[in-house]
Amino acid sequence: MSSVNKNLSQPEGSSVPNGKGMRIGIVVAEWNIAITGALRDGAINTLLENGVLEKDIVLHYVPGSFELTMGAQFLCDDNSIDAVITLGCVIQGETRHFDFICNAVAHGVTNVSLKYNKPVIFGVLTPNTLQQAEDRAGGKHGNKGDEAAVTVLKMIALKSRL
Ligand code: DLZ
């Protein structure tokens, strides 16, 4: 699972499917917005570079990562939306808040995804430090938002093939 020597924005594997005609929701947590804003920008740029039209990107904000699940559910409820990217950043603190939020979002977005049979991508950074977050939000380890955008296009394409 380590990303120590990897640039997450250049994932190995198959090429990126063209996203023309795909309509994608993005939910961004406002907590740690300097980081989540960079993830958002990375995701949007990657979607546009791969054919998704600007009008087909539906962007909404929620207060913190804990609310990403509910935001994803609201968007999945919209029949016109093919898939959702959730973007957040939960930084390890001195209390157990970190574990509760991370576990809740990971399980929450999985449940929403299965309930609606739509891809809901987990673009949530869970670093120990702000520096580790910056390294993954446009820094030396790339941008997790780019990775989330590539993942969503691959998952929509997989669904349409099956
Ligand atoms: C309360 C809280 C804390 C301590 N830390 C973070 C964090 O690092 N990242 C994040 O996205 N949100 C954090 N929050 C806010 C919670 O996600 C949530 O918004 C509140 O608990 C209200 O439900």
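1. N50 sits in the loop between α1 and β2 (57-62); helices (H or I, at least four residues) and strands (E, at least two) are DSSP runs, numbered from the N terminus. Why does N50 count as buried? Because its relative accessible area is 18%, and buried means under 20%, exposed over 50% and partly exposed in between (1.4 Å probe, protein chains only). Leaving aside residues up to four places away in sequence, N50 touches V16, P17, N18, G19, K20 and L153, where contact means heavy atoms within 4.5 Å.

2. A word on the basis. This is a predicted model, with pLDDT of at least 70 needed for local features and 80 or more for side-chain atom pairs to count, while totals for chains, interfaces and linings use all residues. Residues are numbered from 1 along each chain as its sequence is written, and side-chain values use heavy atoms, with hydrogens and water left out.

3. On to the ligand. Around it are W31, N32, G64, S65, F66, E67, C89, V90, I91, H97 and I101, a residue being near a molecule or strand if one of its heavy atoms lies within 4 Å of it. By class, that shell holds six nonpolar, four polar and one charged residues. Here Ala, Val, Leu, Ile, Met, Phe, Trp, Tyr, Cys and Pro count as nonpolar, Asp, Glu, Lys and Arg as charged, and the others, Gly among them, as polar.

4. W31 instead has a polar side-chain atom 3.4 Å from a ligand oxygen. The protein covers 72% of the 480 Å² of accessible area that the ligand has on its own (Shrake-Rupley method, 1.4 Å probe; for residues, only the protein chains shown count as cover).

5. Most residues other than glycine have a negative phi. N32 lies in the loop between β1 and α1 and counts as partly exposed because its relative accessibility is 25%. N117, in the loop between α3 (97-116) and β4, also has a positive phi, near 55°; at 55% relative accessibility, N117 counts as exposed.

6. Now the inside. Not counting residues up to four places away in sequence, V152 touches I24, L47, A83, V84, I85 and I121.

7. Last, S80, in the loop between α2 (68-76) and β3. S80 is partly exposed because its relative accessibility is 36%. Its side chain makes a polar contact of 3.0 Å with the side chain of R23, and another of 2.8 Å with that of D78. A polar contact is a pair of N or O atoms within 3.5 Å; within protein, one must be able to donate a hydrogen and the other to accept it, and residues adjacent in sequence count only if both atoms are side-chain atoms.
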